[in-house]
Amino acid sequence: PWIFVETHRQASFWVEGIKREEVLHIGDSLAADFCGARAAGLQAVLLDRSDNAKVMQYQDWHQGPDYPGKSEEDVKAWTLKNLGEVKDLLQRSIIQQLQ
């Protein structure tokens with residue numbers, strides 16, 4: 001999907017030599033955000049805010065592309081409920097890289 005190619009291109013402007021798999025996309029659509037980013041080679045987190053009545057599902061008609069390793073387990077492993085969980089995930093990742 002072109003939007004993820006463009007995301008990588010723009011990230012490359014700021015971080016020379018960044019690889020696609022080093023870019024993290026966070027979105028709330030399984031098909032468009034999560035599967036799309038994974039299919040383009042980016043890391044992805046699915047933000048599932050279905051417990052929040054103020055958040056609506058958009059593009060529920062959209063079929064997400066396949067990507068290597070696509071499975072229900074992969075989606076569940078990378079589904080978070082709020083931005084606080086995203087923050088915790090990023091902090092753990094940074095700490096692991098420093099060790």
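Leaving aside neighbours within four places in sequence, A37 is in contact (heavy atoms within 4.5 Å) with F4, H25, A32, L42, Q43 and A44. The structure is a predicted model, in which local features need pLDDT of at least 70 and side-chain atom pairs count only at pLDDT 80 or more, while totals for chains, interfaces and linings use all residues. Residues are numbered from 1 along each chain as its sequence is written, and side-chain values use heavy atoms, with hydrogens and water left out.

A37 is found in helix α2. Helices (H or I, at least four residues) and strands (E, at least two) are DSSP runs, numbered from the N terminus. A37 has a relative accessible area of 0%, so A37 is buried. Buried means under 20% relative accessible area, exposed over 50%, and partly exposed in between (1.4 Å probe, protein chains only). The C-alpha atoms of A37 and D48 are separated by 16 Å. These two residues are 11 apart along the chain.

Helix α2 spans residues 30-39. The helix is mostly covered, with 7 of its 10 residues buried. The buried residues of α2 are A31, D33, F34, C35, G36, A37 and R38. Their cover includes two helices, α1 (2-14) and α3 (72-77). It also includes the strands β1 (24-27) and β2 (43-47). G41 follows α2 and has a positive phi, near 95°.

A pair of aromatic rings is described by the distance of the centres and the angle of the planes. Rings of Phe, Tyr and Trp (its six-membered ring) pair if their centres lie within 6.5 Å. Planes under 30 degrees apart count as stacked, over 60 as edge-to-face and the rest as tilted. The structure holds 2 aromatic pairs. In one of them, the ring centres of F13 and W14 are 4.9 Å apart and the planes stand at 85°, so this pair is edge-to-face. F13 and W14 are both exposed. F34 and Y67 also form an edge-to-face pair, at 6.1 Å centre to centre and 75° between the planes. F34 lies in helix α2 and Y67 in the loop between β2 and α3, so the pair ties together parts that are 33 residues apart in sequence. Both F34 and Y67 are buried.

The chain as a whole has 4 helices and 3 strands. Along the sequence they follow the pattern α-β-α-β-α-β-α. The radius of gyration is taken over C-alpha atoms, and the globule rule is 2.2 Å times the number of residues to the power 0.38. For 99 residues, a compact globule would have a value near 13 Å; the chain has 14 Å, which agrees. Its C-alpha atoms fill a box of roughly 40 × 30 × 25 Å, taken along the principal axes. Of the 99 residues, 26% count as buried. Among contacts between residues at least 6 apart in sequence, 52% join residues at least 24 apart.

The accessible surface of the chain (Shrake-Rupley method, 1.4 Å probe) comes to about 7300 Å². Carbon and sulfur atoms account for 55% of this surface. R92 is found in helix α4 (residues 83-98). Its relative accessibility is 47%, so R92 counts as partly exposed. The C-alpha atoms of R92 and S12 are separated by 24 Å. Along the chain, R92 and S12 are 80 residues apart.
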